[in-house]
Amino acid sequence: MLQAPTGYRRMPTTLFKRWWLIAIALYATPADATTRNVTSTAEFATALAAAQPGDTISLRPGVYNGGHFRAGLTDVTIRGATGDPHAPEEIVFRGGVNGIQLSDASGVTLEGLTFEQQSGNGINIDDGGTFATPSTNITLRNVTVRDMAASGNNDGVKLSGVTGFLLDRVKVFNWGASGSAIDPVGSHNGVIQNSHFRSVTLTDNGSGVRPKGGRKNISVRSSLFELPAGAGRALQAGGSTGSEFFRFIDGDSGYEADEITFVGNRVIGGSSSMNWVNIDGGVARYNDFRQPSRWAMRILNENPGATIIDTSNGVFTDNYVEYDGAAWSQAVNVGSEVNASSFTFARNKWRNTANPTSTGSIVTLPVPETDGEYGVGAPWGVGFAMRWELDWGVWVVGVDADSATTAAFTVPHFREYLIAAKADGSEFDPLSNDPLSGDWLVRPAELGLEVGAFRDFVLIRPEDCSICSTLSGDYDRSGVVDPGDRLLWAESYGYTGDAPLADGNGDGVVDAADYTVWRDAYAASLATAAVPEPTSATLLLFGLAWRQMRRRRG
């Protein structure tokens, strides 16, 4: 969970709901849940074999041998215990075919770990060979895989038959030359975000992320891909998979990949940035593509003659593409047995560094582009945060390769935005008109923000935030009308804009009338502030929770 920065306020929850959640959480946690502290390879192997639901395996800094396996691991966290989170010592799994392999796992989190010099895959999570028992709800956070001791089709992270996964702040450096940094085969309902993939050894058959094998509903976003000049496919939606490895859900069949989105990423180098292979659909929007050596994208069929869908209906919109027109082949490589005319191209900005004029940057696409711009580069440098303007607000994405870097970012019209930070249970869909769901932490935006590497900020207008408070006079959207709203009104006094946060009467100006709106709402809230007596059911739940806490202390 990301901790709430100072000034954030969580969406309000009723007192009854809080007591209910306390009681449920306490009784749902196994009474014998254990933290297993380990300092050696042997201790880790023993802890992994013995771990039960609710356990945490905590590893002290040091080097551990790789090559671990466990089937059926459920609701267990394997975490590096590094002390100071700002200057962590590494917990390294070195060697082995796989650093760790988990089959039929459920609810497992790997966090704060490093894997290196494996000869197979750094991390391998699978369904044990049958999708009747997929691995489910897998989280990798702050995990590094680097310098594989393999030069073939070897992956940094291999996900085979996994349903429900989150990869957050994952780094994969120098995986197998013809493999993938992340290879989700027959895996579904996943998010890969705020991550960094870099290779200096990749060949043209290798890739950054390559979901295939009947994969459905995966989003890759706010990540940095750095590939060798002239080699590798940054993102490939689909591929060529043996029939025994396909894993479909929802009764589907007949495709390599479906419902993939590639949004808010920066890609540097490679032979091609975006690739569609035997997929119907697939969306690439709001990405910063720089110097693909041969093509910006490829539309391919790697299963010719097979009873599998021909590649069609891809969407490529709102991206920046910078390329060297003197060196590359063309914007799009169109293979045989595809339906390239069904693709959509719109509002992309193209810049040919060899001839950066409006005429010198014109590209040829399979179908005409709507509102394309030529000779226009991204308004930010390679080492700076990206600022994407969407229908609901602004998405600021920091993808600097230097994880220690922070940069100041100025928020235009900040009086009109809320800044939202993720909490447990938060969900974000940048392509939705209603992008936030679940539990978020919100506060009024400020003029300046510090943007760290592989961090993103959501700046949202209140009218587009369905989870935000709509109480009259609640200018900071904290869920209550209080003096903090008056302070925001005072700070915003005189501001004119489309929809200022402290504009209580909706006339576009923060003035005395908006103070009156707050004053009346605050007075009304004070008049009804008395908390009603709790019901007997509420008292019973709270009593059970209190008794359980006393029992644990005893």
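**Reading buried residues and ring pairs**

Q: Are Phe 262 and Phe 289 buried or exposed?
A: Phe 262 and Phe 289 are both buried, meaning under 20% relative accessible area, with exposed over 50% and partly exposed in between (1.4 Å probe, protein chains only). This is a predicted model, where local features need pLDDT of at least 70, side-chain atom pairs count only at pLDDT 80 or more, and totals for chains, interfaces and linings use all residues. Residues are numbered from 1 along each chain as its sequence is written, and side-chain values use heavy atoms, leaving out hydrogens and water.

Q: What share of the protein chain's residues counts as buried?
A: The protein chain has 554 residues, and 52% of them count as buried.

Q: How many aromatic pairs does a search of the whole structure find?
A: Rings of Phe, Tyr and Trp (its six-membered ring) pair if their centres lie within 6.5 Å; planes under 30 degrees apart are stacked, over 60 edge-to-face, the rest tilted. The search of the whole structure turns up 26 aromatic pairs. One of these joins Phe 262 and Phe 289: their ring centres are 6.2 Å apart and their planes meet at 10°, so this pair is stacked.

Q: What kind of pair do Trp 276 and Phe 343 form?
A: Trp 276 and Phe 343 make an edge-to-face pair, with 5.1 Å from centre to centre and 90° between the planes. Here the parts tied together are 67 residues apart in sequence. Both Trp 276 and Phe 343 are buried.

Q: Which cysteines form a disulfide?
A: Look for a pair of cysteine sulfur atoms within 2.5 Å. The count comes to one disulfide, formed by Cys 465 and Cys 468 with their sulfur atoms 2.0 Å apart. The angle about the S-S bond is 70°, and the link of Cys 465 and Cys 468 is right-handed. Cys 465 counts as buried because its relative accessibility is 5%; Cys 468 is buried too, with a relative accessible area of 6%.

Q: Why does Arg 266 count as buried?
A: Arg 266 counts as buried because its relative accessibility is 0%. Its contacts (heavy atoms within 4.5 Å), leaving aside neighbours within four places in sequence, include Phe 225, Asp 288, Trp 380 and Phe 384.

Notes:
Helix = DSSP H or I, 4+ residues; strand = E, 2+ residues; numbered from the N terminus.
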